[in-house]
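Here is a short tour for someone meeting this structure for the first time. Have a look at the sequence and the model, then read on.

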Amino acid sequence: MTSSKPVLAISAIAPIVLLIIMIVFLLGPASSFLQFGVVLPEVSIEKIEFVENEIQATVRNTGPIDVDVVLADVNDRIQPAAIEPDTSLKRFETALVRIPFDWNEGQPYEIGVTISDGTRFAKGIDAAFPALEPNVDLFVFLGTIGFLIGVVPIMIGLLWYPFIKKLGKNTFNFFLAFTMGLLVFLGIDAVIEATEISENHLSSIFNGELLIATVVILSFLALYGIGKQLTKKIEFSKLSQGLAISLMIAIGIGFHNLGEGLAVGAAIALGEVALSTFLIIGFATHNTTEGLAIAAPLTKSKAKIFKMIGLGLIAGVPAIFGCWVGGFSFSPLFTLIFLAIGAGAIFQVVLSIFQYMKEKSDLLSNTSLFAGISAGLIVMYLTSVII
Amino acid sequence: MQSTIQSAKMFYILISIVAVSSLYFVVPSVIIAEETPTTFLTHTGLVIQTTGDVIDPIGYDGEALDFDPDKFMKEFDYGEVTVLDDGTVLREYYITARDDQIMEVSPGVFYNVWTFNDSVPGPTIRATEGDLVRIHFTNEGSKPHSLHFHGIHKAEMDGVFESIGTGGKFTYEFYAEPVGLHLYHCHVHPVEEHINHGLYGAYIVDPKEPREPADEFVFVLNGFDTDFDSENNFYAANTIPFYYQHHPIEINANQNIRAYVVNILEFDAVNNFHLHGTLFHHYPAGTDTVPSGYNDMLTMSQGDRQILEFNYKYPGLYMFHAHNTEFSEKGWVSSFLVKENTGNFDTQIEYDDII
């Protein structure tokens, strides 16, 4: 065994060494051989902010070659501008283009930059909106929004607990299945939202769709591992498998709400949505169902009130953090990643609930399972229409 | 059990490595603002302070670009002159076409220009009515090119159906007629592409009886579509956007000014010319001796040209530009700096020297 160790090491390293030799060869002696086709530069405008008498655009070199940004324009009209730190952008590097401009609130604008080969890249904004000043007021405002769309509705949803507790076995199964329906919808919703962010804000170089798929699966696997260990620990006390499931649901929804909070905070900061009372009502109604999802598995065990509040906070508070982070420094990549983590977590929770139901009920009632899932999906769809 | 925990640990380590490395993309590069910020005043009066680079083609004060509009606007190619036996003046010109040059068409913007005698526009060809014009054309480009002159000439001298291939030569010969301001350009298909890349120039036929003495300028109104979307990215009088904005043209008050204005703009159907602070008499194609009007606006289609005559009553800085604001805000905006007249008219054309 010991004698074969060096052999083992060599067999592990040999392919890597050969790969490195191939890369060095391709970059070195063979590089001229591979020079064909036209390499096109690409610049993405990631963020546009409107401050007093100035428009600020964050640009990133998302192409395969270095570029020089040499010209800025507003609505395709050349404007003098400053670019920080400088005009040359290496791959992935960002710069801030500052265009002195007396803009009008509520008016659409298109901001463009031209690089040294004369190619212009532009991004439109539906309505100019003064960039939010990072101060205490904004902190409180974003926190309140997060609280209203995250914490409050979940707490309200938890109030269904006494009602579900009084239900018979079949009806209880219906509600668990209903929860599964809700969660499946939330998961799909998160993936779609992440895809939209990928399309609108993330340059193609990040392979947004593949990143979403990767993160969803990784998050699913990670939470599967955590869930397994959690249920094992709880087995000793036989205290409540329901609580474990609820905790998993709360964590999954927590990730989801973090992503949602990031998106909402960013939308506020970028002025992309007129944040109406109506929108808040829509979000709140939608998210009330998340409280129900947490409450349902708890009903077969003795749950204490503070535990339930704790679960509600685990699920809801991330929305507040999301709003803060999204509002103060929006990163499309971050938002996408957290939405994808949320989706993976939620799909894992759906699996947990299913296994739990299979264990608990010897005869798995197909009717209540399918009816529950369908009802959950439909309710989520209807509440989503309100947003 | 032990191995499950270990593999779980490995998994979390992997996740955290991925998370940390993703920060590279998420967090924009940190800007270290140690250097003292420069103050930057725009032409609209807005002020910002920056530690970065200023990109301002309108108030450009950097190094001179390859093409010098100041030189071009007063440079006329009268050709090599010989008087033939019958008394006819023969003017011989040498024009070489190329299509491989990269020129800085606006500060920092490099564009593949196609040139006559290494310049966009090509040289301003100038002759007197009745002169025999002989142009020795060489195509050193990689594509076929030609010279098509506006004016009166034989069909085989029209430069349309006979394109000159790579390395080819052709001698165009015709009498300079009629009197006026004309133009020449490459007429090889696709003509739009050959013109957008810069194959054009002005052609002036002076009357035998010289025009009134004046301070003369050539303005070729052109543009560049640098990203090939059939829309111009840059507009200008004489190639460089905003050039006469940061280098106003100095002229004297109460002195006759004559401007030869040629519109060779592609993609946009109409270009125009608006003069501030005074009005001009204008002569369409310069063919008539009586001005068509007294105005401060000219509307010109592709290939249109006008001779403008005017003078300034008061000294000061006056704009002239496309009244189509899109064009002016993309570079076709210029200015005259009118000085008190000192009575020293040394900028006049001395016609006697030419022949």
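What follows is a walk through some helices of chain A and some residues of chain B.

## Ground rules

This is a predicted model, where local features need pLDDT of at least 70 and side-chain atom pairs count only at pLDDT 80 or more, while totals for chains, interfaces and linings use all residues. Residues are numbered from 1 along each chain as its sequence is written, chains are lettered from A and ligands numbered from 1 in the order in which they are written, and side-chain values use heavy atoms, leaving out hydrogens and water.

Helices (H or I, at least four residues) and strands (E, at least two) are DSSP runs, numbered from the N terminus.

## Helices in chain A

Let's start with H1(A), residues 5–27.

Next come H2(A) (residues 136–158) and H8(A) (residues 305–328), whose axes come within 8 Å and cross at roughly 155 degrees. That makes H2(A) roughly antiparallel to H8(A) (an angle over 145 degrees). Their crossing is right-handed, meaning that the near helix is turned clockwise from the far one by less than a right angle. By class, this contact between H2(A) and H8(A) has 20 nonpolar, six polar and no charged residues.

Most residues other than glycine have a negative phi, and most peptide bonds are trans.

Thr239(B) has a positive phi of about 75 degrees and lies in the loop between strand S15 and helix H4 of chain B. At 0% relative accessibility, Thr239(B) counts as buried (under 20% relative accessible area; exposed is over 50%, partly exposed in between, with a 1.4 Å probe and protein chains only). Phe267(B) has a positive phi near 75 degrees, but is partly exposed at 23%.

## A buried glutamate

Glu216(B) belongs to strand S14 of chain B and is buried at 2% relative accessibility. The C-alpha atoms of Glu216(B) and Ala259(B) are 5.8 Å apart, although 43 residues separate them along the chain.

Key: Axes are lines fitted to C-alpha atoms, for helices over the stretch in contact, and angles run from 0 to 180 degrees between N-to-C directions. Angles under 35 degrees count as roughly parallel, over 145 as roughly antiparallel, 65 to 115 as roughly perpendicular and the rest as oblique. Ala, Val, Leu, Ile, Met, Phe, Trp, Tyr, Cys and Pro count as nonpolar, Asp, Glu, Lys and Arg as charged, and the others, Gly among them, as polar. The expected span of a helix is 1.5 Å times one less than its number of residues.
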